[in-house]
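Colleague: I would like to learn how to read domains and ligand surroundings in a model. Could you take me through an example?

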Amino acid sequence: MSAQPGTPARPLRVAIIGAGPSGFYAAQALLKQKEYQVSVDMIDHLPTPYGLVRYGVAPDHQKIKAVTRLYDRVAGDPRLRFFGHVTMGPDISHEELKTYYDQIVYAVGAQTDKRLGIPGEDLRGSHPATEFVAWYNGHPDFSDRTFDLSTEAVAVIGVGNVAMDVARILALSPEELERSDIADHALLALRSSRVKDIYVIARRGPAQVKFTNSELRELAEMEVTDVIIDPADLELDAHSQAAIAANRGVQTNLEIMRHYAAIGDTHRPKNIHFLFLRSPVEIIGDGQGQVVRVKLERNELYPTESGYLASRGIGDYETLEVGMIMRSIGYRGQPIPGVPFHERWGIISNTEGRVSQYKSGEIVPGEYVVGWAKRGPTGIIGTNKPDSVATVRHMLADVPTLQPVPDSQADPLAFTSFLHDRQLRYVTWEEWKLLDAAEVAAGERRGRPRVKFVTVPDMLAAIDAAKAAQTPHR
Ligand SMILES: Cc1cc2nc3c(=O)[nH]c(=O)nc-3n(C[C@H](O)[C@H](O)[C@H](O)COP(=O)(O)OP(=O)(O)OC[C@H]3O[C@@H](n4cnc5c(N)ncnc54)[C@H](O)[C@@H]3O)c2cc1C
Ligand SMILES: NC(=O)c1ccc[n+]([C@@H]2O[C@H](COP(=O)([O-])OP(=O)(O)OC[C@H]3O[C@@H](n4cnc5c(N)ncnc54)[C@H](OP(=O)(O)O)[C@@H]3O)[C@@H](O)[C@H]2O)c1
């Protein structure tokens, strides 16, 4: 038997898969609305919440991470429970989940990288930025990766904000990194890094970069690094000039780049070089599988029918001697078994946030998507708020016609019994707060914002230790 969900006697049961920004904004919108009584379970693969705010946002960008205070307030609502260290897929299947919840929201982000599709991409020393970022931020799935920083030259492919983060982390001094919450293993490796020259490679021109003014301006604050730009590269073609006339953001980027070009080389120990209108066409190894150089083709811009300025090769090649390549050309979603996936776009197939079958577009009742999993891997943290609110609006509109789960299954205890029966060691919000406090305390001892636990066993052990310390001794 099922009562109408959304009443005090039978709240609407919602699972949010993913505790990143989009998951929290969806939870906030559900908890704020007054139409229906709700009971929300937020499930994340990791023992820790906040998604890319913890594992993506650069460790030297502490102010941005303050957004987690808002998420903490959402999580403090008694109608929300957090289940960390539970992965949809291996731990609980799509079919199983559907038996406990009236509605499911996928907030799973984009967990992997796009590929260049060129020879040599898998040579040793060629890395997706996604992995480097996850490594330096202490993501448990990536903390055992190694990056050989004994090379003096690195190419970063792509000119988005992630490329800027990667270039900056490689260019900061150990003293600058020490002031951040970078993972200890990364701090140690970067301390003995020999990287001196970081080449940031754009396939289009300086007027088409994707990074934002603040990320570009911030490079001026680096203590040991010069920004090198050839003034000739900032001469714009007619198409670019026309395109930027009404774009203040691009104009400001160009002003900042001209400023860097005018300063030039001040002989600091490290350099970030910007190279425009070049595409990597082959990553070349030393015969033993190690990257030693990258072959670049020069490009020109041309307007497509839609007016977009695309790049194409002009058959003019050069090589750049680098021992490492960071491919920072974007993230990509991964399919979850049972959930429709748009292969080409790398997102959960959806119609304005309602999950829908790929190709036919038929709506899958009771399933929704938000954030990067919904619209692809673009947008800053704040972009996810209106996006999640829009999906929640559809969820509420669908309540009168949904197929509710049986009341016995809708009981919140039914889901916790399932986790116990499966012997899944899930992490509650209270446990996460113990872990958080332990990290911050470890940071205070070393004058750092926090020192992260970087493996799941260490996280669970720290939680157990904190709980044991709380238990009064007889
Ligand atoms: C390197 C980097 C730096 C960034 N820096 C900034 C910045 O400085 N400022 C800014 O405004 N924006 C920044 N962004 C953008 C911002 O991080 C994103 O807009 C935002 O995190 C997307 O939110 P999301 O909830 O869709 O995905 P995510 O933040 O990726 O959250 C997804 C969550 O889902 C969980 N998950 C995935 N699969 C499963 C599963 N099967 N079962 C259970 N849980 C699962 C993951 O563990 C994760 O916690 C940055 C992005 C990147 C990549
Ligand atoms: N501080 C912050 O606010 C911050 C920090 C990090 C990330 N973010 C956000 O997170 C999102 C993701 O960032 P992102 O940097 O991963 O993605 P992005 O902004 O989409 O940038 C991707 C870059 O890769 C290039 N590229 C794509 N395919 C390529 C190829 N085959 N060859 C060469 N270059 C290629 C793109 O060039 P084209 O333009 O030519 O396609 C672009 O320069 C963005 O919205 C970003 O703003 C924000």
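Predicted model: local features only at pLDDT ≥ 70, side-chain atom pairs only at ≥ 80, totals over all residues.

Colleague: Which stretches of the chain make up domain 1 and domain 2?

Modeller: The assignment gives domain 1 as 12-111 + 333-427, and domain 2 as 113-331. Taken over C-alpha atoms, their centres are 33 Å apart.

Colleague: Now the ligands. How many residues surround ligand 1, and which are the closest?

Modeller: A residue joins the shell if its C-beta atom, placed from the backbone, lies within 6 Å of the molecule. For ligand 1 there are 36, the closest being Gly18, Gly20, Gly51, Gly109 and Gly371. Two or more residues each come from helix H1 (21-32), strand E2 (38-44), helix H7 (161-171) and helix H13 (372-375). H1 has the largest share, with 3 residues. By class, the shell has 19 nonpolar, 15 polar and 2 charged residues. Domain 1 and domain 2 each give at least three residues to this shell.

Colleague: What about ligand 2: which element gives the most to its shell?

Modeller: That is H7, with 4 residues. Altogether 23 residues surround ligand 2, and Gly158, Gly160, Asn161, Val162 and Lys210 are the closest. The classes here are 9 nonpolar, 9 polar and 5 charged. Around ligand 2, too, at least three residues come from each of domain 1 and domain 2.

Key: Residues numbered from 1 in each chain as written. Chains lettered and ligands numbered in written order. Domains from an automatic or database assignment. Nonpolar A, V, L, I, M, F, W, Y, C, P; charged D, E, K, R; others polar.
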